[in-house]
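Please look over the sequence and the structure before reading on.

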Amino acid sequence: MTKLSVGAILAVALAAATASSPGAVYIDPLLYNDVGANYTKWRNSSAIGFNPTNTAPPFIQVFDRSFLDITGPSATIRKIASNPGFAFAHEAPIYVQDLNLVIFASARGGALGYSGWYNNSVVSMINMTEVDMALASTTGDVNIQVQTLNLSDDVQMLNGATGPYKGDLLFVTAGRALLPPSVVRVNPSPPYNTTVILDNFLGRQFNSLDDIKILPGTDIMFFTDPPYGWLGGFRPEPMLPSQVYRFDPSTGQVRVIADQFVLPNGIAFAPNGKNCLHHRHGYLWRLPWNEPDLSSHNFDVDPTTQAFTNRRVFAYTDSGAPDGIHLDTNGNVYSGCGDGIHVWNDEGTLIGKFFLNSTASDLIFTKSGLVILGGTAMYVTNIQAHGMSLAAW
C-alpha cells in the first residue's frame, strides 16, 4: 500500500475517532508532511483547495483538534439559498438579531454580478427564522427566498458592513461611476432611512471603500480604501493611495492611520481592542491579487494615536485571496477564501476550514450558526462558537 493511501485511510479513521461532528474530517498534518515523490495531487495554483481525503464538499476540515471546540459535536454545513445564475451573496453581511435577519450585498461586477458603471449591485436579506423552520423539516439543503431591499441611491456598490451600530446598519460603499464612495448609516426597517456620514477626504473622493469595523470600546470607525472600483471598471482612476482610515463621527475628523498597501481589504479587531498583546490588536488584510503574496498581517494599535504599528505576518492563505474577516469571542480568526472559510487561532495557526471547494467571500455569526456567503449560494453551519458583537461594547 502506498504512503498516500495509508495517509488517506488514517485521516478518515482519525475523523471517526476524534471529530465527533458528523460533517467533520480530521487531517493530521503529520501524515502529509512527506507525501513522497510519487504524489499525484501537487497543487500548482492557489485556486485549487487542499482536500487530500477527496471528501465530497461541503464538509468541515479539521487540522487541529482545538477546532472541534469551535464546531461542537453536531455541526454540519447546509445550503440555505441558491441562485446559480447570479452572485447574489457576496459581501457586507450584517446580522440584525432583533429581527433575525441577515442583510448582505451581491457582487460588484464580474461575470455573475450584473453590475458595473451603469448598474448598481443588489442588497438583499434572508429571514433566519424561515431558514430554521425549513432546516428543521428536512435533513438536506433548503432554498429560502431572499428579499431585495429598496435602498436609497446613496448606497452604491455596497461591499463592507458592520453593526448594528446604534441601531443602524453601518455600510461602506465603493461608489459607482462618478457617484462617490461613502460611509452610510441605514435603518434596518422600512423605509430604510439612510444617512451619509462621510463621502470624501478633505474634498477628494475615496477610491472604492471596501470594509469597515469599529474599534472595540469606542465609536471610532476604521475602513479600507483599495482601487477595486477602478480595477473592476465601475469607478474612475484612483485619486488617493490605497490606505486605511480612522474616522471619528463625533468630531468629523478623518485621517490615514496605515499606508503602503497594494490592495487593502478586510479589517477586524481582536476582542481586547486597544490592548497590544501578541497578535490580537488590529488585523488588516493585504490582498495584492496581482502578486503572489496573499498574506494577512498583524498590527498593534497605538494606544494614543490608534495608528497601526509593528506590522508582521499573521498567516498566508493557501487557497485563493482572503476576503471578509471576523473574529469569535475567543479571538479565533475567520476569513472567506478560495475554497471556503478558513479559521486560524490567535497565533496564526490554521486549525480548520469550512470546505466548500469554491470561493466564499464573507461570513457572519447568527443565532442559527455561521452563515457563509458563497456568491451564488448561502450556507449555514451550526457551530457553537459566537462572534463578537457591538452590543457588548
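## Overview

A residue is called buried when its relative accessible area is under 20%. By that criterion, 56% of the 393 residues of the chain are buried. The model is predicted.

The chain contains four helices and 26 strands. Among contacts between residues at least 6 apart in sequence, 56% link residues that are at least 24 apart.

## The six-stranded sheet

Six strands form an open sheet with mixed pairing, in the order β1-β2-β23-β22-β21-β20. At its edges stand β1 (24-26) and β20 (325-327); each has a single partner strand, so one side of each is left without a neighbour in the sheet. From one strand to the next, the twist averages 20°.

The partner of β1 is strand β2 (residues 59-62), and the two pair in the parallel sense over three bridges. Within this pairing, Ala 24 has Ile 60 of β2 as its bridge partner.

Strand β26 (residues 377-381) has five of its five residues buried, so the strand is largely enclosed by the rest of the structure. In a regular strand, side chains alternate between the two faces of the sheet. In β26, Ala 377, Tyr 379 and Thr 381 point one way, while Met 378 and Val 380 point the other way, and all are buried.

Strand β3 (residues 77-82) runs antiparallel to β26 and is joined to it by five bridges. Strand β25 (residues 369-373) also pairs with β26 in the antiparallel sense, over four bridges. Tyr 379 takes part in both pairings: Lys 79 has Tyr 379 as its bridge partner, and Ile 372 stands opposite Tyr 379. β25 and β26 form a hairpin with three residues between them, and Gly 375 in the turn has a positive phi of about 80°.

Asp 362 lies in strand β24 (residues 362-366).

The side chain of Asp 362 does make a polar contact of 3.0 Å with the side chain of His 326. Leaving aside neighbours within four places in sequence, the residues in contact with Asp 362 include His 90, Glu 91, Ala 92, Pro 93, Ile 325, His 326 and Ile 372.

Conventions: Residues numbered from 1 in each chain as written. Predicted model: local features only at pLDDT ≥ 70, side-chain atom pairs only at ≥ 80, totals over all residues. Heavy atoms only, no water. Pairing = 2+ DSSP bridges. Axes fitted to C-alpha atoms, helices over the stretch in contact; angles between N-to-C directions. Polar contact = N/O pair within 3.5 Å; in protein donor to acceptor, adjacent residues only side chain to side chain. Contact = heavy atoms within 4.5 Å. Buried < 20%, exposed > 50% of the residue type's maximum accessible area, 1.4 Å probe, protein only.
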